[in-house]
Amino acid sequence: MSIALKLDALSKTFVVGKQLFGPPKGRVHAVHPVTLEVPEGETLGIVGESGCGKSTLARMLVGLLEPSGGSIEIAGKPLDNADPAVFGKRIQYVFQDPISSLNPRKTVRQIMEVPLKRLHGMDKAQRDRRISEIFAQVNLREEFLDRYPHEFSGGQAQRIGIARALAAEAKILILDEPVSALDVSVQAQVLNLLAELKQRLGLTYLFISHDLAVVEAVSDRVAVLYFGSVVEIGRAEDVFANPRHPYTKLLADSAPVVGRPLTAPEGRETELPDPLNPPKGCAFRARCPYAGERCGEEVPRLEGETQLAACFHPLR
Amino acid sequence: MSFLSLLARNRLALAGLIVMALVVLLALVTPILPLADPDVTNTGNRFLKPFSEGALLGTDHLGRDLLSRLLWGTRLSLAVGFAAAVIAAVLGAAVGIIAGYYGGRVDNLIMRGVDMLMAFPYILLALAIVAALGPGLLNALIAVAAVNIPFFARNIRGITVGIAHKEFVDAAKLAGMGDARIIVSEVLPNVVPVIVIAMSTTVGWMILETAGLSFLGLGSQPPQADLGSMLGEARSALITNPHTSVVPGVMILIIVMAINLLGDGVRDALDPRLRSGALTRPMAATMVQRKGPVPDPQGDNVLDLRGLETQFHVKDRIYRAVGGVSWGVKPGECLGIIGESGSGKSVTALSVMGLVASPPGVITGGAVFYKGEDLVGAPYERLRSLRGREVAYIFQDPLATLHPLYKVGDQLVEAIRVHHHVSDKEARAKALGLLKDVRIPNAESRLENYPHEMSGGMRQRVGIAMALANDPEVIIADEPTTALDVTVQAQILSLLDTLRREKGLAIVFITHDFGVVAQLCDRVAVMYAGRIVEEGPTQIVLDAPAHPYTRRLIACVPELGEGKRALHAIPGLPPAVNDLPPGCAFAPRCDKATEACRQGEIALDAFGARKLRCLFPETELEAAQ
């Protein structure tokens, strides 16, 4: 199977406290070098808690943010200029908040026409035909085209967002928390639609979410992000069921599950490490019950066969 | 239509609009009116009093007709004022949009330039510009426009910064739009209302400034009349012939007053915040208009709702947010209320203590019994003494409920001292104990923190500490963990669980997450379209849901540990609560619905320990004896 998306040591560092003269006050490593390969047709789930760098990673992948290092390859071709218009034809983005990702002062038709006109240079007739085609694919009625975004419910607005991403005819979609703003009954509709579209159009998904159960239900493989690094990656059915990294285990144990008694897997209070002053060695060390001496000195690397974990004391 | 009707609702603005329309109309028709030539002097007839023969408003020191000069002068002053406003708005908005959209260095350079312009007193700056360009009306116009550019630039930049970071701008970039195109087609339409607002409130000011320059002799040159120069020429005769000053003075007053009243009205009508009713202050407690009989308290619940109905009355529409809800909690018990957005679960919770904003909220029926006392319609003083002391709330977003400018310690102390007359020192000691109760490490130093210095989980702990501050009997928690990460959520949930076991608190826990309900709650009530459709012990309801909605809602939610699979979605959307179908509200989405479901009320019947509102239950249930 060919590789749809390849990241090689992709990283992002933000400069904080820029001064007119002299060096900046500090640097935040939002994403530590990430190396990943996503085969064509796969759904790769990316989970992590707030501040773990998942949105920064996603924005780099579509060219909205310039990487500080590393490279992105789509279908074997490198993309090194951060120009969203070039990225747009090959990789598209579905936003978390369906309403705020649609311009309130434009009709749905105007919103849908932009990628067709700008990326593919279609004329009016071609555009109308293509819009009808896409709207049929996402189960939206064509009478919606002349309405404004505020007239739609969250679920409908998210379908419009998906329709816009499809209009660019990119083969890879970055889904950034696409259902977390939706009600559960609508959430399932959108997830099923995404699965159906992927099947029919041969798409590749990067599915970013903080909801472990949703990620597990839709992904082939799952990558767990902690403090800007991938700490574990493996097949979706294994990662949470049999975690290797202690952090993945903590996540899995924390998720509320029907029929499991209520426990706080982490008794004492813990806060994320300070990004301005990152700890030496493994970032999870302070919260980890298995941490040893080596964890404080070296940063562990991702290792393993099918289920890779960045840990010196993996759980299995 | 909505804009004009909103504007007309403001009487003063309407008056301003009418006066302004008259003045503009007069200025427009001036050339065709049978007026004397405004510039022809006739020193023989100088200083004629108003209402003299042939000169309605009298004449000035050169015997020129004042009425004619006034109308021609008004025409000129208005034209210059408006032109200056348009120029300042266009240039200022352009500068502001560019600075706000590009940000960084561009922004820094432009805005520091604007700051420099603002560092001079405006009149000095205008004088300097006119001095450099030479006197004349056109130069006065340029000066007034230039002086006002910074005002627009700063306003528009602020708005643009907000818009440039919106997701739809990112989406436009990904759709292949260039920066220039994005500015014109995505950003500009969203800032136009702000430009109009800023213009409407500054036009009057600019007319005054132009008049000021003309008054000093730097604007219109003799013999041409504008309102400022008329005033200037009349100055020497101020005492002997006051009418020459009063006539142009009154006109300036009328114009500026009318424009300012109108401008305020335009601002109020266009501002989305004011439009959504931010100016209407909600009442201290929810309005009560109970029709029908008030139910009697029953059972030994500490908090007991009987047939509560809360509606929102917006114009001629009635939203039945809560349509007859009954539940109760005993001490030490945890009741889960589960439902999707719009199901009425939060409005139910807020109705308990009369916290639903009125207008538009109205409690139209039922009762809320706290230890047998009906709180619906209780006097505000009584509600206030119970709020926080007996029934406390925890909300979803602690950042929004904690005051950003006060230290959390001070906020806790205030919460304690509202209900208890204790010294500051005692209250502080209690606050410290509360932070320790909710397991905040380094509690002493945390008292001195501001809310923004804490993480989301820490803030929610403070929110819980505040709810516990007065040892309430009941805590109503409205999605308290929805905004938190899973590891933090687990800690907060186990904290709530410990607290209720240790202190015998009754907890009402509102959520949309079955996993949370299963772990924390003894009983669960499922709400749909403002009503409870099923209620019972958590274990039984989740294991064998009896209402089709409950069963299908559970099936919608993926559960950890089941691997990749398709989800069973419920087609359609929940009904709008201002347009509920007759009979079962879920019938349009239900695969088991028949004609019977769509006709008439379906009662919430008791079956042993559980209650159900359905004609075709999913599981066999035995009717209660």
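Predicted model: local features only at pLDDT ≥ 70, side-chain atom pairs only at ≥ 80, totals over all residues.
Local features need pLDDT of at least 70, side-chain atom pairs count only at pLDDT 80 or more, totals for chains, interfaces and linings use all residues, and side-chain values use heavy atoms, without hydrogens and water.

**Exercise 1. Find the helices that α3(B) crosses, and describe how α3(B) and α10(B) meet.**

Step 1. Locate α3 of chain B at residues 66-102 and α10 of chain B at residues 243-270. Helices here are DSSP runs (H or I, at least four residues), numbered from the N terminus.

Step 2. Their axes come within 11 Å and cross at roughly 35 degrees. Axes are lines fitted to C-alpha atoms over the stretch in contact, and angles run from 0 to 180 degrees between N-to-C directions.

Step 3. The crossing is right-handed (the near helix is turned clockwise from the far one by less than a right angle).

Step 4. From α3(B), Leu66(B), Leu70(B), Thr74(B) and Leu78(B) make contact (heavy atoms within 4.5 Å) with α10(B) residues including His243(B), Val247(B) and Met251(B). The residues of this contact divide into 7 nonpolar, 3 polar and no charged.

Step 5. Now turn to α6(B), residues 137-164: its axis lies 5 Å from that of α3(B), at an angle of about 35 degrees. For α8(B), residues 179-215, the axes come within 7 Å and cross at roughly 145 degrees. α3(B) passes α6(B) in a right-handed crossing, and α8(B) in a right-handed crossing too.

**Exercise 2. Which residues touch the most other members of the largest nonpolar core?**

Step 1. A nonpolar core joins buried (under 20% relative accessible area, 1.4 Å probe) Ala, Val, Leu, Ile, Met, Phe, Trp, Tyr and Cys residues through side-chain atoms within 4.5 Å.

Step 2. Among 129 residues, the answer is Phe135(A), Ile162(A), Ile464(B) and Phe509(B). Helix α6 of chain A, residues 184-201, gives the largest share, 8 residues.

Step 3. Look around Ile464(B): beyond four places in sequence, it touches residues including Ile394(B), Val438(B) and Leu499(B).

**Exercise 3. How many residues does each chain bring to the contact, and what area is buried?**

Step 1. Chain B brings 59 residues and chain A brings 67.

Step 2. About 5200 Å² is buried between them, with 59% from carbon and sulfur atoms. Buried area is the accessible area (1.4 Å probe) lost on being put together, summed over both parts.

Technical notes. Residues numbered from 1 in each chain as written. Chains lettered and ligands numbered in written order. Helix = DSSP H or I, 4+ residues; strand = E, 2+ residues; numbered from the N terminus. Nonpolar A, V, L, I, M, F, W, Y, C, P; charged D, E, K, R; others polar. Buried < 20%, exposed > 50% of the residue type's maximum accessible area, 1.4 Å probe, protein only. Buried area = accessible area lost by both parts, 1.4 Å probe.
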